[in-house]
Amino acid sequence: SIDPEVIELATYQPEYVKPVGEYIDRAVSEKRITIGKQKLAEYQALLGALENRYGVDRHIIVAIWGVESNYGVQPGEKNVIWSLATLYCTGTKAKFAKPQLVSALKILQRGDISFEAMNGSWAGAMGHTQFIPTTYSAYAVDHDGDGKRDIWGNVPDALASTASYLKVSKWRRGESWGYEVRLPKGFDPKRVSENTLKPLGEWQRLGIVRVNGEPFPRLTDQASLFAPEGTRGPAFLVLNNFRSLLRYNVAKSYALAVGHLADRLRGYGPFVQSWPTDETHLSLEQRMELQQHLIARGLLEGEPDAVIGRGTLEALRTYQR
């Protein structure tokens with residue numbers, strides 16, 4: 001039977017729908033930082049082994065665990081097969097759901113998990129570290145060698161799978177995800193595409209510096225400018241490892257949350273610049289209406305889904321020009 005809640009959740013994804021500042025504040029709460037530090041201590045030996053084997057920083061592994069499932073407390077209660085079948089059969093996200101459903105059935109066939117225990121999110125993201133079935137099939141790891149890649153009940157398998165996936169996503173050992181920066185007076189970040197890559201040295205020549213006044217470790221690193229609230233909120237120069245986090249989840253607010261939580265677990269402080277709190281944001285209905293207008297003008301393809309992603313933003317920019 002079709003699960004109506006899955007369809008409802010498919011149109012409301014917090015990392016796209018919420019203002020970035022609000023999303024970050026929830027994802028990187030004081031409680032999550034405290035529990036993350038406890039997990040770092042509890043799994044010290046495991047995390048050391050994963051760092052050595054995959055080259056992925058332990059704070060990032062634990063931060064992904066925290067943001068994805070609140071350290072395994074909220075891994076999702078929905079049966080993955082039912083969720084994906086609902087998305088496919090109702091046409092809600094059929095293109096996404098079809099390969100995921102086939103992959104999920106193959107996981108069951110292989111015997112990694114039982115049908116009853118194969119729970120996850122509305123989108124079929126599974127276990128402690130929320131792997132979708134195709135990602136699981138390609139990159140999940142049986143770290144403890146018991147013959148099963150159990151990311152639902154086995155923390156070593158789940159965290160090793162995360163490290164394995166980030167390694168193939170071109171994570172670079174010993175490098176940061178990015179830096180909070182201060183923009184020079186009169187610099188408008190909205191005039192620079194978020195996809196423009198330049199060496200840190202070039203950004204520095206434009207007058208962009210780290211908020212703490214320290215130098216950039218390597219001026220040749222390719223960085224892009226990410227200032228989601230323009231000059232009214234924090235601005236960042238994000239690096240290769242930020243782009244690796246986007247392979248895990250394409251929302252930039254998600255990658256920022258993981259990078260920032262990792263930094264907080266390492267003992268760094270909050271962002272220097274605070275997020276604006278006075279903006280009014282569009283409701284779900286208003287976002288749908290906006291997309292309907294853009295589609296009617298031929299600036300946007302597809303159906304309205306209320307997710308303000310890259311296509312909608314590009315369509316808006318075209319309209320404004």
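Predicted model: local features only at pLDDT ≥ 70, side-chain atom pairs only at ≥ 80, totals over all residues.
In soluble globular proteins, nonpolar side chains tend to be buried together.

Leaving out residues up to four places away in sequence, Ile60 touches Leu166, Trp171, Leu245, Val258, Gly259 and Ala262.

Five strands make up an open sheet in the order S4-S6-S7-S3-S5, and their pairing is antiparallel. Strand S4 (198-199) and strand S5 (209-210) stand at the edges with a single partner strand each, so one side of each has no neighbour in the sheet. The partner of S5 is strand S3 (residues 178-182), and the two pair in the antiparallel sense over two bridges. Strands of a sheet pair through backbone hydrogen bonds, either parallel or antiparallel.

Aromatic rings give another way to read the model, which has 15 aromatic pairs. One of them joins Phe226 and Phe236 in a tilted arrangement, with 6.5 Å from centre to centre and 35 degrees between the planes. Phe226 lies in strand S6 (residues 222-226) and Phe236 in strand S7 (residues 235-238), so this pair ties together parts that are 10 residues apart in sequence. Both partners are out of view: Phe226 is buried with a relative accessible area of 5%, and Phe236 is buried with a value of 0%. They also belong to one aromatic cluster, formed by Trp177, Phe226, Phe236, Phe242, Phe271 and Trp275. Elsewhere, a ring meets a lysine: Lys198 lies over the face of Trp203, at 5.4 Å from the ring centre.

Next, find Asp112 in the loop between helix H8 (94-110) and strand S2 (119-120). Is this residue, Asp112, buried or exposed? With a relative accessible area of 3%, Asp112 is buried, because buried means under 20%. The side chain of Asp112 makes a polar contact of 3.2 Å with the side chain of Tyr136. A polar atom of the Asp112 side chain also lies 2.8 Å from the backbone nitrogen of Arg149. Setting aside neighbours within four places in sequence, the residues in contact with Asp112 are Ile107, Tyr136, Gly147, Lys148 and Arg149.

Our last stop is the loop between helix H6 (58-69) and strand S1 (78-79), where Asn70 has its place. The phi angle of Asn70 is near 55 degrees, a positive value in a residue other than glycine. Tyr71 lies in the loop between H6 and S1 too, and its phi is near 60 degrees, again a positive value in a residue other than glycine. Tyr71 counts as buried, at 4% relative accessibility.

Definitions and conventions. Residues numbered from 1 in each chain as written. Heavy atoms only, no water. Phe/Tyr/Trp six-rings, centres within 6.5 Å; stacked < 30°, edge-to-face > 60°. Helix = DSSP H or I, 4+ residues; strand = E, 2+ residues; numbered from the N terminus. Buried < 20%, exposed > 50% of the residue type's maximum accessible area, 1.4 Å probe, protein only. Lys NZ or Arg CZ within 6 Å of the ring centre and 35° of its normal. Contact = heavy atoms within 4.5 Å. Polar contact = N/O pair within 3.5 Å; in protein donor to acceptor, adjacent residues only side chain to side chain. Pairing = 2+ DSSP bridges.
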